[in-house]
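Good morning, everyone, and thank you for making the time.

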Amino acid sequence: MTQETLEGTVPPRPAATAFLEVRDLKVHFPTDDGLVKSVDGLSFQLEKGKTLGIVGESGSGKSVTSLGILGLHKGTRAHLSGEVWLDGQELIAASKEEVRRLRGIKMAMIFQDPLSALHPYFTVGAQISEAYRIHNHVSRKAGRARAIEMLERVGIPTPDKRVDDYPHQFSGGMRQRAMIAMSLSCNPELLIADEPTTALDVTVQAQILDLLRDLQKEFGSAIIMITHDLGVVAEFVDDLLVMYGGKAVEYGTVNEVFYEPQHPYTWGLLSSVTRLDRLRTDRLKPIAGSPPSLINIPDGCAFHPRCPYEPMTGGKGSTVVPELVDAGKGHLVRCHLTAKERQDIFLKQVKPTL
Amino acid sequence: MTATTSDVAATPADDARPLLQVEGLQKYFPVNRGIIFQKEVGAVKAVDGLTFSVAKGETLGVVGETGCGKSTMGRLITRLLEPTGGSIVFNGHDITHMSRGQMRPLRKDVQIIFQDPYSSLNPRHTIGTIVGAPFRLQKVQTESGVKKAVQDLLALVGLNPEHYNRYPHEFSGGQRQRIGIARALALRPKLIVCDEPVSALDVSIQAQVINLLDDLQDEFDLTYVFIAHDLSVVRHISDRVAVMYLGKIVEIGDRVSLYEHPMHPYTHALLSAVPVPDPVKESKRERILLTGDVPSPLNPPPACRFHTRCWKAQAICKQVEPPLVQLQPGHEVACHFPEERVLV
């Protein structure tokens, strides 16, 4: 793993100590109907070799966060604010060109749908070697050799032949492997996987997760895993961030969030999934209502219209936005209920039904 | 909300004959080459010899990977596709090769809910038109007009009846799926084929739709064929479950016996691959990793179709196709080396 220093970087202001530190990230989109606050004040940290999971429903701002970190909102109408520190370098204030130089080599992304993320007109090999050739200024031949090497690394049979295939000649699982090969071609230290297995079958999902785990061990990269599948999260991540309506509602280690969840939304998520490891129940317990529109986020706590415990807050739920506070040992939660109330509800009402 | 843990599959009412009986069902899609003079160069054997039956009031779950033919099967039994071979008997009528005109009166009894709530609703039609279409097409007289009937249906599936004049784009994914369900329910069908009805929805909404399907089944005595790739959802909703691989059923049985004592290696692999939302348990679980992808149905492996990915495969698996045999009451397996294994 080469630690490359890049010329012309902005000297860090209040230096961040973690490998990746996101502070109060906001991504807002002005539209004709109003301001869409896709991500509204998100902070988290991630060290090398560790994995952070981000879960939430569609429209909770998971994907926008990842694009924001990669600087893919630059030059669009999006309003970005906050700080993203990657290995001592701030990315939000950095120019488009600077971020572009980092993309691929320092940070890379695996997209959800490999069929639409791969270009149908270019061979898989050309697409894998593109970033490698640009960042390392090597010849077409060396790029091709690298592409073959990467395809082999992600487990594609006869890579020297498949390198000249087009994406449509690959199956879904192989395309996702090719995407992973592409994102890893320059050994990035930060890998953002946006629903990498959602479009895949469970058997292929198991293969891909296995592959990602091996690669993480080998290269020591930091991974951000964005997903809505709590099973994948339980298997794969170290820390977990639960997002709702553009904000983090709960943030802690995976064990804390799974075994001592604090937020009513997390309780709802955990009890509404069908799971193979528990006895079958006659009825599922869904969360009432549907996720809010980001143009029209409810006043106060964004979750209050769907929260069964909202009456306990004495009207605060619908008027005051709760702060993200420490519920002990760095386990953060954004809820008006007191720690005691949450503890009681969880132990008496939620835990027995999980 | 009662969360009783009854893990005993409800025994379906013993009617004299099953509602739906399928035998040796096949569907081959021809592959042609040439522009003017087309000649057939092969066939995709999407469904290749399915035999099963569904009793009245029962839910049959069908699981399998992409391309195993489960959706094709759903479209065959609703006769949206013409089978290549085999027979489909629905409620005493042989519908295998019925023409569109002959099928029409039966369409009242067989309905389908599609996977994608975005593309299965016409964006130019209002909800009233979409949900009211079955009444108009079947020329069904309603007591107090189509509008009233549609509004009752909307209320039944948990939508606001005042949304009658809205367009599909004004609804969220979960609401659209409810519209699809309302449309399927309009004529009080006997059988509903649910083709991945919840896979496009968020987890919290999935649970709402599954509960709705459950309630409707109780209320109207519906029979479901529930196609899905999510094994935990299928376990929740089904009485019996069929596991498909490359156009064939490899294992079929009642829910409890299939999930607790699966016998086919493919079922083992599928069940072990489902991640459970529990970090400690998850780290301790044994996992069977299948190598490679599903072979192409254009040229499926001979004999046992799973032998190319099976860790138990021996010479016989490549030569003799294992028949689907009953190894336990109500539990059939197509494998030369079946073995019980506890994975859940």
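Let me begin with a definition: I count two rings of Phe, Tyr or Trp, taking the six-membered ring of Trp, as an aromatic pair if their centres lie within 6.5 Å. By this rule, and keeping in mind that what you see is a predicted model, there are 9 aromatic pairs over all chains. One of these is formed by Tyr244(A) and Tyr265(A), whose ring centres are 4.6 Å apart and whose planes stand at 55°, so the pair is classed as tilted. Tyr244(A) belongs to strand β9 of chain A, residues 239-244, while Tyr265(A) belongs to helix α11 of chain A, residues 264-272, so the pair ties together parts that lie 21 residues apart in sequence.

Before going further, a word about confidence. Chain B has a mean pLDDT of 88, with 95% of its residues at 70 or more, but over residues 1-14 of chain B the pLDDT is below 50, even though this stretch has 27 contacts in the model beyond near neighbours in sequence. Chain A averages a pLDDT of 87, and 95% of its residues score at least 70, whereas over residues 1-12 of chain A the value stays under 50, with 18 contacts beyond four places in sequence. Where pLDDT is low, the predicted coordinates should not be read in detail. For the complex, the predictor gives an ipTM of 0.82 and a pTM of 0.86.

Now to the contact between the chains, which takes 45 residues from chain B and 44 residues from chain A. Together they bury about 4,400 Å², with 55% of that on carbon and sulfur atoms. Between chain B and chain A there are 4 salt bridges, including the one from Asp215(B) to Arg283(A), where the closest N and O atoms are 2.6 Å apart. There are also 23 residue pairs in polar contact between chain B and chain A, with both residues at pLDDT 80 or more.

Which elements of chain B give two or more residues to the side that touches chain A? They are α6 (203-220), α7 (231-237), α8 (255-260), α9 (265-273) and α10 (279-284), and α6(B) gives the most, with 9 residues. By type, the residues on this side of chain B divide into 20 nonpolar, 12 polar and 13 charged.

Finally, the whole structure holds 34 salt bridges over all chains. Among them is the bridge between Glu196(B) and Lys70(B), at 3.8 Å from N to O. Glu196(B) sits in the loop between β7 (191-195) and α6 of chain B, and Lys70(B) in helix α1 of chain B, residues 70-77, so this pair ties together parts that are 126 residues apart in sequence.

Notes
Residues are numbered from 1 along each chain as its sequence is written. Chains are lettered from A and ligands numbered from 1 in the order in which they are written. This is a predicted model: local features need pLDDT of at least 70, side-chain atom pairs count only at pLDDT 80 or more; totals for chains, interfaces and linings use all residues. Side-chain values use heavy atoms; hydrogens and water are left out. pLDDT is the predictor's confidence in each residue, from 0 to 100. Contact means heavy atoms within 4.5 Å. Buried area is the accessible area (1.4 Å probe) that two parts lose on being put together, summed over both. A salt bridge is a side-chain nitrogen of Lys or Arg within 4 Å of a carboxyl oxygen of Asp or Glu. A polar contact is a pair of N or O atoms within 3.5 Å; within protein, one must be able to donate a hydrogen and the other to accept it, and residues adjacent in sequence count only if both atoms are side-chain atoms. Helices (H or I, at least four residues) and strands (E, at least two) are DSSP runs, numbered from the N terminus. Ala, Val, Leu, Ile, Met, Phe, Trp, Tyr, Cys and Pro count as nonpolar, Asp, Glu, Lys and Arg as charged, and the others, Gly among them, as polar. Rings of Phe, Tyr and Trp (its six-membered ring) pair if their centres lie within 6.5 Å; planes under 30 degrees apart count as stacked, over 60 as edge-to-face and the rest as tilted.
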